[in-house]
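Subject: Structure for your review

Dear colleague,

Please find below the structure that I am handing over to you.

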Amino acid sequence: MTGPWPHPNSGMFYFRKVTPTDLWNQREKLLAMKLKVTHEVQRSLGTRDPKAAALAYKRVSLEVEEMWARWRSLLNDAPLRLTHKDIHALAGQDALAFLRAKEADPGELRIWQELVKHEIDAELSNCKPGPSIDRQRLFELGQWLMLLHRFDALDTIRGLLEQEPKGTPCHRALASLYRQTEDILKIWGVARANELVRQMGVRLDAETMASLRQRCGERLLDALGSLRVRWEEGDYSEPAWAQRIPPYEGPRPSSEKAAPPTTLKLTLEDIVDEEEKRGQDKTALMASRRGKAIATIKKYRRIVLEFSRFRKSELASTVTVSEVMRWMEALHKGGASRTTVRDKANTIRAVTHWGQRQTSGQLFPSGLPLEELAVPDREDVDSRSRTYSLEQAATILKASRQEVLAERRWVPWLLAYSGMRVGEAAQLTKEDFEEIEGHWFAHVRSDGDRTTKTHKSRKVPLHSAVVQEGLLEFVKSSASGPLFPRRTQANLYEWITETVFAGVANLPPASHAFRHLFEDLCRRYRVDAEAAHYISGRAFGREHAELASSSARGYGGSDVMLKGYAEELEKIVQIKV
């Protein structure tokens, strides 16, 4: 699990991470050393505040990684211990390699400007409108920080913090900037040290590894400072710090003890294909109990191909944090939102997890490469902008009465009065409709080549408005098999945006907006929360923690409950068309 996990009952955030396979497989040896080994490490982060939890998560994550490193040292024979000089040599050589690799296009430097802009804008939004001293000082501070063009400004920020009165907008912006800069540099240092050791094929003891990570972070500051000089002043001469790097003279592992480089030639797309196969073939030995939805697999495949083109390599075993960070920067510079950048980066991280699980840890012998990847915060989206008004819904339903194409005529009515996803409606067949205790239902299935987002089938009651509109007559007169074409979602989008609302800007998502409207209708007419979630096929979120955690949800589930759900649905008053 990546990121803080909120407890469904207490709301307290926790750190949760599965113990690496190599350590779990040797748990008996560790237990003999009086070390407690659990399949998953759980630690309370001691806060219910998401921002504080995010910071605490990074700290605990580093502590746990250090603990696992110590365990590996105990399990392996004679891990290498480097001298102070050799640690500086390795860190310096790595920083010099970073400088030479980035001098043509130092994209990391632009991340600093984005970070400064985000913090200053956040404080400006909290200031009262109109001219004020706080707004003027924030503006001047932002302009000055922008000119630094680098992350090697911790000492400068620390000095400003000491001068600035606590509680002022400028102090808050500087404090947040300092924390985030420190975290980013620490994560970069850890990632570069881990990658350096993996490439060298050496095994270091925990104390040496901790020192190497710290020195890699410090030397990275030197490299970033030199990048700024080359970028702004055009000075490409050898920097003074590079001339002081000592030669590495430390011990090297013997050939039989060296960590063997991975020989797996899996591509990222291969991993996605295998995950799809495990989800579809339920008779296979390694079948997945809950396979990914077809749309999810397509999305993941599209994103890994995009990432592979960017990095000019398809191999999964060579993925690094720095590659993903450069890609995130390129995506954002190209106009992608922070939410999009976050989702795409998390997709690559998820695929590396799949690959590691599929190969039983052989793909990344030194550990998952993207565990410490920092991703942007998700942008807040006003749910109202994603919801149809009653007037807009009525306009679409009225327009559907003039249509002869099945998907235009009937799918909007199904969506409006059930909240089902358009992909679920598009898969309905004639055989999916049945009458139970005086009420009609549409069976949304998740079996065979049909699936749902939650991987669960359900029988959705038909509202009387849909029945009166004539849907059942259409179903009875249709041939056996699918009622709507495969291109239903695209057809609806084109019809709604280009015909029903032609020329209208800033429309909600064409079909999904019905789903948001259905949620609001359930609230408006006090539909039972469990019934609303079942009918729309939603998972139980934090707002329904009691329902999600109740043991009662593991019982029942037969057709006996359906009559009650149908009666709850009838609480919704028909939309005036």
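This is a predicted model: local features need pLDDT of at least 70, side-chain atom pairs count only at pLDDT 80 or more; totals for chains, interfaces and linings use all residues.

**Aromatic contacts**

The count of aromatic pairs comes to nine. In one of them, the ring centres of Phe307 and Trp327 are 4.9 Å apart, and the pair is classed as tilted because the planes meet at 50 degrees, which falls between the limits of 30 degrees for stacked and 60 for edge-to-face. Phe307 belongs to helix 12 (residues 294-311) and Trp327 to helix 13 (residues 321-333), so this contact ties together parts that are 20 residues apart in sequence. Both Phe307 and Trp327 are buried.

A stacked pair is formed by Phe474 and Phe484, with 6.1 Å from centre to centre and 25 degrees between the planes. This pair links distant parts of the chain, ten residues apart: Phe474 is in helix 19 (residues 471-477), while Phe484 is in the loop between helix 19 and helix 20 (488-500). Phe474 has a relative accessibility of 17% and therefore counts as buried, the limit being under 20%. Phe484 is likewise buried, at 6%. Together with Trp410, Phe474 and Phe484 make up one aromatic cluster.

Two arginines are placed over tryptophan rings. Arg409 lies over the face of Trp410, at 4.1 Å from the ring centre. Arg27 lies over the face of Trp24, also at 4.1 Å from the ring centre.

**Salt bridges**

Side chains of opposite charge can pair when their charged atoms come close. In this model the count of salt bridges is 26.

Arg409, already mentioned for its position over Trp410, also meets Glu469 in a salt bridge of 3.0 Å, N to O. The two residues are 60 residues apart and link distant parts of the chain, with Glu469 in helix 18 (residues 464-469) and Arg409 in helix 16 (residues 406-416). Both Glu469 and Arg409 are buried.

The salt bridge between Asp559 and Lys459 has its closest N and O atoms 3.2 Å apart. It again links distant parts of the chain: Asp559 is in the loop between helix 23 (545-549) and helix 24 (562-569), and Lys459 is in strand 6 (residues 458-461), 100 residues apart. Asp559 counts as partly exposed, at 33% relative accessibility, whereas Lys459 is buried, at 14%. Elsewhere, salt bridges with shared partners join Glu269, Asp273, Glu276 and Arg301 into one network.

Within helix 11 (residues 268-280), Glu274 and Arg278 lie four residues apart, about one turn of the helix. Their side chains meet in a salt bridge of 2.9 Å, N to O. Glu274 is partly exposed, with a relative accessible area of 26%, while Arg278 counts as buried, at 11%.

**A buried arginine without a salt bridge**

Arg515 is located in helix 21 (residues 512-524). What is the nearest side chain of opposite charge to Arg515? It is Glu424, at 5.1 Å, and Arg515 is buried yet has no salt bridge; the cut-off for a salt bridge is 4 Å. A polar atom of the Arg515 side chain does, however, lie 2.4 Å from the backbone oxygen of Gly419.

**Helix 4**

Helix 4 (residues 84-102) has 19 residues and reaches 27 Å from its first C-alpha to its last, close to the 27 Å expected at 1.5 Å a residue. Its buried residues include the charged Asp86, Asp94 and Lys102, and among the others are Ile87, Leu90, Leu96, Phe98 and Leu99.

**Positive phi angles**

Two residues other than glycine have a positive phi. Ser360 has a phi near 55 degrees and is found in the loop between helix 14 (338-358) and helix 15 (390-400). At 54% relative accessibility, Ser360 counts as exposed. Asn506 also has a phi near 55 degrees, and its place is in the loop between helix 20 and helix 21. Asn506 is exposed, with a relative accessible area of 78%.

Yours sincerely

Technical notes
Residues are numbered from 1 along each chain as its sequence is written. Side-chain values use heavy atoms; hydrogens and water are left out. Rings of Phe, Tyr and Trp (its six-membered ring) pair if their centres lie within 6.5 Å; planes under 30 degrees apart count as stacked, over 60 as edge-to-face and the rest as tilted. Buried means under 20% relative accessible area, exposed over 50%, partly exposed in between (1.4 Å probe, protein chains only). A charge sits over a ring if NZ of Lys or CZ of Arg is within 6 Å of the ring centre and within 35 degrees of the ring normal. The expected span of a helix is 1.5 Å times one less than its number of residues. A polar contact is a pair of N or O atoms within 3.5 Å; within protein, one must be able to donate a hydrogen and the other to accept it, and residues adjacent in sequence count only if both atoms are side-chain atoms.
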